[in-house]
Amino acid sequence: MASEKHFKYAILGGGVAAGYAAREFAKQGVKPGELVIISKEAVAPYERPALSKGYLFPQNAARLPGFHVCVGSGGEKLLPEWYSEKGIELILSTEIVKADLASKTLTSAVGATFTYEILLIATGSSVIKLSDFGTPGADYNNILYLREVDDADKLVAAIQAKKGGKAVIVGGGYIGLELSAALKINDFDVTMVFPEPWCMPRLFTADIAAFYEGYYANKGVKIVKGTVAVGFDADANGDVTAVKLKSGSVLEADIVVVGVGGRPLTTLFKGQVAEEKGGIKTDAFFETSVPGVYAIGDVATFPLKMYNELRRVEHVDHARKSAEQAVKAIKGKESGESVPEYDYLPYFYSRSFDLGWQFYGDNVGDAILFGDSDPTSAKPKFGSYWIKDGKVLGAFLEGGSPDENKAIAKVAKTQPPVANVEELKKEGLQFASKI
């Protein structure tokens, strides 16, 4: 008979949220043998954003154990030994295929069972694949995705095998922009393809996108908009050679990287827990409709207090903070101490080439552009404010210093009134530094 193990606390998933939750448990006090992390990945929790950035550098690339949590936020690096020292059981390369919340039991692919008293669902997202849409040829070799360190290793191997070749990046979001830059600095001929009228359409205005598209074009990245990949060609070995577009054109390719989004991994809990907006519905402490079951990171749809609405946020900052909040709430319940409600300021960022932007708040209302957004400038620095009902609700800044980024965060948090939009355009960053 397969083994059964019991834990007081179980974290399902081994990504950023899981790692930060473990650190918070250790900080709050956890006895040896009380906490388990069950992860399908083969390595201890790490800072996932490194995979699309430092991991792909041609020189001095990031490698594990260098970017385990919590280095991404300036915290200590939790090596596998850290977990054993703290008496936290780290069960890796283990896929849970069944979760029964009523009996508090998790069952692995090989039939091992784990029972718990309190569960943290930190399963994150899975990458959306072209084969999910039935795109012909989507399974050819060197058509790659990026979610986990295994995927990054396959990409690094392909970059080495196809040196100086042609890369096609499918998708115009974070992964599309960061990987186009990564392949370019690895001396590939790079073409980006996406269906929308401009890159990062969920956040960028046409004005903001025009800067990045211009900057990328100057770096030699070709951009094909308004079409999608509908098929692929391959050689006799099954290695991809070309991408067929809906527009009818064909792009030669030695490597294809697809970044068309993720899906929250909630399937195990279907019908057992309340869902909302594609995620698992939680309260301000990340507790779900099932008492003692919490959901954190990408999978949680939680009350975003500032905007008085339920939201699901796919970003590393929220993965870290939601994990800490849930553990504080769990320990607070045990000790009878009250914990403040989660009050999150949405925050997104990206880095590529010599660029780096940050965004805070909500991109609703009318956007105004300020600063130098000429992609040919030696040191471009520009931003946007989003104004709704006479108040600034969102702020974006490219090329900001740490202090300037703090200033725009404060703008989004305090939502200052705007008397004159033309004045605001002229003032630009000065407006933020006065708040």
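At what angle do helix α1 and α6 pack, and how far apart are their axes?

1. First, some background. This is a predicted model, in which local features need pLDDT of at least 70 and side-chain atom pairs count only at pLDDT 80 or more, while totals for chains, interfaces and linings use all residues. Residues are numbered from 1 along each chain as its sequence is written, and side-chain values use heavy atoms, with hydrogens and water left out.

2. Now to the opening question. Helix α1 (residues 16-28) packs against α6 at an angle of about 35°, and their axes are 8 Å apart. Axes here are lines fitted to C-alpha atoms, for helices over the stretch in contact, and angles run from 0 to 180 degrees between N-to-C directions. Helices (H or I, at least four residues) and strands (E, at least two) are DSSP runs, numbered from the N terminus.

3. Who makes this contact (heavy atoms within 4.5 Å)? On the α1 side you will find, among others, Val16, Tyr20 and Phe25, and on the α6 side residues including Val316, Ala323 and Ile330. By class, the contact has 10 nonpolar, one polar and six charged residues. Ala, Val, Leu, Ile, Met, Phe, Trp, Tyr, Cys and Pro count as nonpolar, Asp, Glu, Lys and Arg as charged, and the others, Gly among them, as polar.

4. Next, the salt bridges (a side-chain nitrogen of Lys or Arg within 4 Å of a carboxyl oxygen of Asp or Glu). The structure holds 29 of them. One joins Lys413 to Asp343, at 3.5 Å from N to O. Lys413 sits in helix α7 (residues 402-414) and Asp343 in the loop between α6 (316-335) and β22 (347-352), so this pair ties together parts 70 residues apart in sequence. Lys413 is partly exposed at 38% relative accessibility, and Asp343 is partly exposed at 41%; buried means under 20% relative accessible area, exposed over 50%, and partly exposed in between (1.4 Å probe, protein chains only).

5. Glu404 forms a salt bridge with Lys381, with the closest N and O atoms 2.8 Å apart. Glu404 is in helix α7 and Lys381 in strand β25 (residues 381-388), 23 residues apart, so the pair links distant parts of the chain. Lys381 is partly exposed, at 31%.

6. For a local pair, look at helix α8 (residues 421-427), where Lys426 and Glu423 lie three residues apart, about one turn of the helix. Their side chains meet in a salt bridge of 3.8 Å, N to O. Lys426 is exposed at 65%, whereas Glu423 is partly exposed at 38%.

Terms used:
Contact = heavy atoms within 4.5 Å.
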